[in-house]
Amino acid sequence: MDICSCFKNFCDKLKLSNGDETLKTSRFHSITKRINLDFWGTDSDTYHSFYTGSHGRGTDIYTSDIDMVVVLPYSIYSKYNSYLFNGQSQLLQAVKESISKTYPSTSISGDGQVVDVVFSDGMKFEVVPAFINSDNTTYTYPDTHDGGSWRAMNPKNEITVFNAMNTATNGNLKNFCKMIREWNKINNVFIPGILIDTLVYNFLKNYEYND
């Protein structure tokens with residue numbers, strides 16, 4: 001087996017197994033459907049949600065948490081923004097209670113900016129409730145720290161830019177990120193995944209042989 005084939009085989013092994021990939025997708029749709037039922041009055045399992053973080057960028061490996069955004073109606077933002085103290089925390093609790101209806105025996109907690117859904121098999125979803133802004137591009141999401149505040153993000157643009165660089169580097173960007181993540185895990189270095197992706201992106205952007 002040549003070096004190229006060895007690296008491809010290595011990268012393929014960093015992915016979720018086919019069974020886990022199917023399970024991940026099923027859980028993603030189940031969470032989406034629950035949120036839509038409780039906040040939008042529809043039973044769609046595809047509307048108002050998308051992958052973000054390492055999973056959205058395509059740099060996740062088999063041990064990565066699965067980040068997803070669930071978009072809520074603006075009326076929900078108005079409701080919790082009117083709270084005198086930390087309506088953001090109450091919003092996370094409302095999302096937690098919603099998901100608990102579908103997964104009553106699963107460990108679910110809300111803190112910071114996410115609702116953590118940790119399944120007994122170790123698979124973990126980090127669910128970020130968000131509201132699309134008037135520009136139809138950026139999103140507002142809650143942060144419960146220091147009494148509560150609202151933050152802004154543009155996750156879809158981040159994914160678009162990342163995918164463009166991956167294409168320009170002949171797929172090397174995402175594969176390199178995955179390799180570093182595996183090294184990070186095996187050696188217990190604890191470099192945050194977003195930092196790994198940023199460092200690799202900036203390195204390959206100016207590297208002469210990046211393709």
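What is the volume of the largest pocket? In this predicted model, the largest pocket has a volume of about 440 Å³. Its lining is made up of 20 residues, and those closest to the centre of the pocket are S64, R181, I191, P192 and G193. Sorted by class, the lining residues of the largest pocket comprise 6 nonpolar, 7 polar and 7 charged ones. In general terms, rolling a probe the size of a water molecule over the atoms shows where empty space is left.

Attention may now turn to helix α6. This helix covers residues 155-168, and its 14 residues should span 20 Å at 1.5 Å a residue; the end C-alpha atoms of α6 are 20 Å apart, which agrees with that expectation.

Which residues of α6 are buried? They are P155, I159, F162, M165 and N166. Seen down the axis of α6, these buried residues fall within an arc of 130°, so they line one face of the helix. As a general rule, an α-helix has 3.6 residues a turn, so residues three or four places apart point the same way. On the other side of α6, T160 and T167 are exposed.

The buried residues of α6 are covered by elements that include the strands β1 (49-52), β6 (139-143) and β7 (149-153). After α6 comes N170, whose phi is positive, near 60°.

Notes: Residues are numbered from 1 along each chain as its sequence is written. This is a predicted model: local features need pLDDT of at least 70, side-chain atom pairs count only at pLDDT 80 or more; totals for chains, interfaces and linings use all residues. Side-chain values use heavy atoms; hydrogens and water are left out. On a 1 Å grid over the protein atoms alone, a cavity is a set of points where a 1.4 Å probe fits but cannot get out, and a pocket is an open set with protein on both sides within 12 Å along at least five of seven lines; lining residues have an atom within 4 Å of a point. Grid points are joined across faces, edges and corners, and a volume is the space filled by probe spheres set on the points. Ala, Val, Leu, Ile, Met, Phe, Trp, Tyr, Cys and Pro count as nonpolar, Asp, Glu, Lys and Arg as charged, and the others, Gly among them, as polar. Helices (H or I, at least four residues) and strands (E, at least two) are DSSP runs, numbered from the N terminus. The expected span of a helix is 1.5 Å times one less than its number of residues. Buried means under 20% relative accessible area, exposed over 50%, partly exposed in between (1.4 Å probe, protein chains only). The arc is that of the directions from the helix axis to the C-beta atoms. Contact means heavy atoms within 4.5 Å.
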